[in-house]
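Here is a short briefing to read alongside the model.

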Amino acid sequence: MTVQTPSTSALLESGPTGSALAMLREFGMGLLALVTLARSGNAQDMHREALQVLKRLVSFDSAWWGEVSPGSTDSPPRNWLHGSIGLSTGFAEEWNALADADQFARASIARCGVVLRGGAGDGRHTPGGTVDGFCKRHRLHHAMAITLELPSSGLLFFVAIYRRAAGPAFRDEEAVIFGEFTRHLVQHWRDVLDRLQGALPGRMWNTYAFADGGGRLLYLGARLGQVLQQANPGWQGTMLPPTIADLAHQAPYSIAVGRSNRLTVAPCGRLLALVLEDRSAGNPLAPRERRAATLYAQGRSYKEIAERLDLSPATVRTYLRNVYASLGVRNKVELGSALGLGTREAP
């Protein structure tokens, strides 16, 4: 069973008790701390320090946050970069291997902006199954999570906190605090990214990334992530591929990534900015990607597009995943609009 958070107004209507007023003061101090973190210029540790602030408001034993792709009928959800408190270094890689079976995570991804809660034995995973073993191994007895949009990035931002079996389940008022706090956190993070992006005018959010000097990713756009994955099979994210990270001390530089892409890496304050160069000015799509996307937006199936363009259905699926990431769209209607299509069939 997954429990949804009550509304903030519903809790406040019960009347401001002494404990509620104390909680409100603590929450206000927590939000002020977020402002300070966002203005500090220390983007490398902003999320970790923010979660430590949250821990004073809502206690937890472990936490996980980062960027995730929602998945589709052809591919499971995938974590691209993450940070954690109290979890093993291989946590994200282990989760990626079983993400398709994690119904709690899939429910959170499907209901952006909604706080979900769960606990062992509440039906969020099959007893004795792969996910059940994963939760027991990492002592994720009580869970609370929220997934939020990172506009135009092509990926989603999530925060999940956990308590062990000895701890209590997360309460309604804790769920409200958690939801409001994480929404403020993501808005401040977006503001930080806006300031960093000022050095990269005109770039699409999904074609760039920021990393610290050690190669740890702080932000990643979906299109750039897909290119890095294709060029580095087995790459798990969070840390830059060694072929790029090993050259960090040489920045600024440009490097070929795969057969048809180049990546520019340049200093950006204390960080590294990575920018995927457009294939052509003002057009991030290759001609065949655009053609396949046009046919798909007009109702053609993978098989029909493959036959028409003399491609395999698997290649068509890859083209469409790239197009969705490059244009920052999520469905066929948004795709048609981004391509500027009317109701006529493409010639």
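**A buried loop residue, then the helices**

Ala248 is buried, because its relative accessible area is 15% (buried means under 20% relative accessible area, exposed over 50% and partly exposed in between, with a 1.4 Å probe and protein chains only). This is a predicted model, in which local features need pLDDT of at least 70 and side-chain atom pairs count only at pLDDT 80 or more, while totals for chains, interfaces and linings use all residues. Residues are numbered from 1 along each chain as its sequence is written, and side-chain values use heavy atoms, with hydrogens and water left out.

**Around Ala248**

- Ala248 sits in the loop that runs between helix 9 (242-245) and strand 9 (253-257); helices (H or I, at least four residues) and strands (E, at least two) are DSSP runs, numbered from the N terminus.
- Apart from neighbours within four places in sequence, Ala248 has contacts with Gly213, Tyr253 and Leu272, where contact means heavy atoms within 4.5 Å.
- From C-alpha to C-alpha, Ala248 is 7.8 Å from Val265, and the two are 17 residues apart in sequence.

**The chain as a whole**

- The chain has 13 helices and eleven strands.
- Of its 347 residues, 48% are buried.
- Take the contacts between residues at least 6 apart in sequence: 60% of them join residues at least 24 apart.

**Helix 3 with helix 7**

- Helix 3 (residues 46-57) packs on helix 7 (residues 172-197) at an angle of about 160 degrees, and their axes are 11 Å apart. Axes are lines fitted to C-alpha atoms, for helices over the stretch in contact, and angles run from 0 to 180 degrees between N-to-C directions.
- On the helix 3 side, the contact is made by Met46, His47, Ala50, Leu51, Val53, Leu54 and Leu57; helix 7 brings Ile177, Phe178, Phe181, Leu185, His188, Trp189 and Val192.
- Sorted by class, the contact of helix 3 with helix 7 holds twelve nonpolar, two polar and no charged residues. Ala, Val, Leu, Ile, Met, Phe, Trp, Tyr, Cys and Pro count as nonpolar, Asp, Glu, Lys and Arg as charged, and the others, Gly among them, as polar.

**Thr182 in helix 7**

- Thr182 belongs to helix 7 and counts as buried because its relative accessibility is 1%.
- A polar atom of the Thr182 side chain lies 2.8 Å from the backbone oxygen of Phe178, and the backbone oxygen of Gly179 lies 3.0 Å from a polar atom of that side chain.
- Leaving out residues up to four places away in sequence, Thr182 touches Ile146, Leu148 and Val159.

**Helix 4 and its partners**

- Which residues of helix 4 (residues 91-98) are buried? They are Phe91, Ala92, Trp95, Asn96 and Leu98.
- These buried residues of helix 4 pack against strand 2 (62-69), strand 3 (78-85), helix 5 (103-110), helix 6 (130-137) and strand 6 (156-163).

**Helix 10 with helix 11**

- The axes of helix 10 (residues 287-297) and helix 11 (residues 302-309) cross at roughly 135 degrees and come within 10 Å, which means that helix 10 is oblique to helix 11.
- Arg288, Arg291, Ala292, Leu295 and Tyr296 of helix 10 make the contact with Tyr302, Ile305, Arg308 and Leu309 of helix 11.
- The residues in this contact of helix 10 with helix 11 are six nonpolar, no polar and three charged.

Conventions: Polar contact = N/O pair within 3.5 Å; in protein donor to acceptor, adjacent residues only side chain to side chain. Parallel < 35°, antiparallel > 145°, perpendicular 65-115°, else oblique.
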